[in-house]
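Work through the exercises below with the model open. Each task is followed by its solution in steps.

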Amino acid sequence: MLAWTIYVSFIGALAARLSPWKALARMVALLTALVSLGIGLVALYHWQPGQFVTVIDIQWIPQLGIDYHLAADGISLTLVLLTGIAATAGILFSWNVEKRTQEFFAFYLVLIAGVYGVFLSFDLFLLFAFYEIAIIPKYFLIAIWGSVPKDAAGENAGSQREYAAMKLALYSFAGSALVLAGMVAAWVASGGHSMSLEALAAFHFSTRLQMGLFPLIFVGFAVLAGMWPLHTWAPTGHAAAPTAASMLLAGVVMKLGAYGCLRVAMMLFPAGMDPWGFHVLGFGSWREVFAVLAIIGIVYGASVALVQRDFKFVIGYSSVSHMGFVLLGLMTLTQIGLDGAVLQMFSHGVIAGLLFAVVGRMVYNRTHTRDLNALGPMRLAHAIPFAAVTFILAGMASIGMPGFSGFVAEFQVLIGTWRAFAWMTAVVGVGILVGIAFTWRALTKAFFGEPTPGAAEHALPPISLPEKLGALLLLATTLTVGLYPRILTDMILPALNSPLFEGLRRGAWR
Amino acid sequence: MNIVSYSDLLRFTLPEIVVVVAGLLLLTLDLTVLRQSSREKRLGIAALIACAGCLLAAHMLTHAVPQYSLPDSMFVVTPLTRLVQVALLAFTILTVLLSTSTHITGNIGEYLALILFATVAMMFLVATQNLLLIFVALEFLSLSLYILTGFDKRSRDSAEAALKYFLFGGMSTGFLLFGMSLLYGLSGSIELPQIAAAVSGPALDPLLLVAIVMVAIGFGFKVAAAPFHLWAPDAYQGAPTVSAGFIASSSKVASFFVFGQVAGLGLATAAGYGAFRGYQPGWVPVLCVIAALSMIVGNVAAIAQTSVRRLLAYSAIGHAGYMLLGLIAHSPRGTSALLYYVITYALAALGAFGVLGALDHPSEGVDRIADLAGLYRRAPGLSLCLLVFLLSLAGIPPLAGFFGKFYIFTAVLESEPHLGLLWLVLLAVVMSAVSLYYYLRVLKQVYVADGAPNAKPIRTPLVTRLVLWVLAALVVLLGCAPGLLLNRIGG
């Protein structure tokens, strides 16, 4: 059943492309996303804790031991649900796309299909294939429909979009090149019989090999997860993308990277995180290196967001900061830290989607500026109160206010960090404080600025129904998970305790 | 010398003879009966004869005895060589069909006949393990290709391209012949298996190394591997589009196959070892260097190109580097990977040139990348085909190029213990990331740029469209189900 999330999305993409009218393409896209979301919800309803559902497992390329193996454990299902929610909301927020509408939704749905495919693949080759399928639509979504700040109009606007799109595509592809090399090496080293993740996880690679392949594959995936210092594609890409694509990029695509880090790099090469046995610059293992990079990302992303003038860049850098929590949670190697990391993937996906929806669709499409200083005098809190309220709630969720999903996730990551590397928690604390600061700054500057005396009030078009529905969907999700996190943790924790992650646990969690 | 019975010779080379007869037939008809007919009629009938000849030959190949050989390894047919021959015939048919919409020449009979003669040369090339016949077939092929390159007599570029191709080709022939003569001198035989048996020994003869380098240079020219690639950009740019597609597709397949035969069979005992630790001299290290250079030069130089054809030429040089990886593996899986890669590459390359050819009009040619701006509006079908071909060349799943790369990487890593050639694979994957940049530059013009506002839709003849769709469908199909081809070339 779950496999149909992929097929439905591909069929929907074709149907949207062939549809003769724009309105029909929109309806097809929405219907496709809703059906996929529905499939995910049905699976959630029937889910037994600790379950591992094999959807399909047939030989694909027997000569190389490659199978067409789609399956789901709790982590996969969590992210499938996220994809469904983010995709649906993204379509609601791109209801106003008029330029080459059919193609827009076709590319959008192909991207979604690739994302579903990654989360459901349990064959490394298949996972990688879906991972790369997602790259090309991203490029075209940004290069054709991207948004650009007003001051860079005309000829320059196009080149900025294309720059961001190309940067994103090349970063993704370079990252996946590292993964490909590592993947081929792992396949050869394991005897060349199988690409199945289960088989590779059960194979005992030599520690030396794991030490070499772990950083290769981890970095390859972490590029897409926005790990500092390879994050620079993220702010430019997010800012240049059309709203729906920003929502997907921040909401789902960055999760592909984090998911790959967990599912491939960490699950297959757990010994790669062991101490090297010597120290370089105070680092004793890859685990410490990546943990420190994650923390730098948290603090750096938040600090840079604090000084941005462009509203969309604020959110773009905040994504880098919040994804830092995911990577940090992974590197704690504690049960609670990993649980927090997966939960943060879900939570950030929803919240970032919401923030980008407010900035890109509700505000920018009405005011045609993203400059915080220019937005202030427009008194948006009065002009579009719905957007202001949404942003306040999303901001609260983003800074980790209890009651929202962000709190549960980041709190767990913090506990994990405390157990694993105690002193680093203090630095993360600083990052959280800066996070509160930049959210507050953006909020007051954009929505509660002082009106310029004498300036005429701008009448802005009211918030449309699709926008309200999309915002409510995302808000409801973050509140639900915030108030009752067990809905997800009951799936994630048993998955982390399954035999697949045996190597990571080494018998017991810290 | 063993005696060859002529009846055997006739029987075994019947498919080749059929193609030759088809070529002569269409040449004669075109020069006599159809002299006064309209261009379209002449093209149609000539193409029909050519395709019929190729189909008949392919039919014979699939239904003949599976395995036989003539004395002196003159003619060695195995299921594998037969498959390659059928693939070559298929490429020829597609090339002939693509050339039905060409405007380059009035000498239709000669053009198509030359394509068929080149095909015959390639068919002999893949089915022999005899140095003498390899050399003769290779020269036959090269001469046909030189003429095909210079066939557009109205264009100075075409003539220049042909001259460059000819001069470089002639030089490479010299190297090749010198290398082959050394091999003969060392082993006393011109049969590949016997050469391998004769030159084996505990230490490599320095003279053998010279022979290896000479042969590598000779074939390096033929397959356009760096640093012997200088002819390729000019030839691809100046040659008539269909000829360029033919050079990029069929002749690549045949040249790489025979290169694989010479290296893997004739020099099997002098392979050497190409990793840094445990380095041993032999042809593997030589090819490692050539492959690495090709991947770097081809992919980096392609970035700077403004002409689509030159870009494809440099990308072909890069791809030659990847194909050399398959040779370096020198294992059954390496051969299989090489064949898969080179066949799927040929599909995509022929398709890409086919699209360019379809855009070629006597009044407005397409050469600069910027000329493609807004193509998606003027020709949505062609644009989609070009998207498929270029993304396959870039190695994006689910297209055939992706599996080809993956397969060839696994083969080359597997070939040496302890992942010795990981450095080469890492270089290859990094360069494939570079390649995405320039393919996307082309696709950006096609899909993102708006182009002239009043541009008219482009009309493409039905046959051309059909061929391009078949090629695109094959690229997708072989990417989604590589087993279809792997079952036949051995996995």
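**Exercise 1. Which residues is A:S176 in contact with, leaving aside its neighbours within four places in sequence?**

Step 1. Two residues are in contact if their C-beta atoms, placed from the backbone, lie within 7 Å. By this rule, and with neighbours within four places in sequence left aside, A:S176 is in contact with A:Y131, A:E132 and A:G220.

Step 2. Note how the model is to be read. It is a predicted model, in which local features need pLDDT of at least 70 and side-chain atom pairs count only at pLDDT 80 or more, while totals for chains, interfaces and linings use all residues. Residues are numbered from 1 along each chain as its sequence is written, and chains are lettered from A and ligands numbered from 1 in the order in which they are written.

Step 3. Helices (H or I, at least four residues) and strands (E, at least two) are DSSP runs, numbered from the N terminus.

**Exercise 2. Decide whether A:S176 is buried or exposed.**

Step 1. Apply the cut-offs: a residue is buried if 20 or more other C-beta atoms lie within 10 Å of its own, exposed if 12 or fewer, and partly exposed in between, with C-beta atoms placed from the backbone.

Step 2. A:S176 has 27 other C-beta atoms within 10 Å, so A:S176 is buried.

**Exercise 3. Describe the side of chain A that touches chain B.**

Step 1. Count the residues: 27 of chain A are in contact with 28 of chain B.

Step 2. Find the elements that give two or more residues to this side of chain A: α5 (124-133), α6 (135-145) and α7 (155-189) of chain A. The largest share, 14 residues, comes from α7(A).

Step 3. Sort by class. Ala, Val, Leu, Ile, Met, Phe, Trp, Tyr, Cys and Pro count as nonpolar, Asp, Glu, Lys and Arg as charged, and the others, Gly among them, as polar. The side of chain A that touches chain B has 23 nonpolar, two polar and two charged residues.

**Exercise 4. Where do the buried residues of α20(B) lie around the helix, and what covers them?**

Step 1. Helix α20 of chain B (residues 462-480) has 19 residues and reaches 27 Å from first to last C-alpha, close to the 27 Å expected at 1.5 Å a residue. The expected span is 1.5 Å times one less than the number of residues.

Step 2. List the buried residues: B:T464, B:V467, B:L468, B:L471, B:A472, B:L474, B:V475, B:L478 and B:G479. They cover an arc of only 155° around the axis, so they are on the same side of α20(B). The arc is that of the directions from the helix axis to the C-beta atoms.

Step 3. Their cover includes α4 (79-98), α15 (332-359), α17 (380-394), α18 (400-415) and α21 (483-489) of chain B.

Step 4. Turn to α5(B) (residues 108-126), where 18 of the 19 residues are buried, so this helix is largely enclosed by the rest of the structure.
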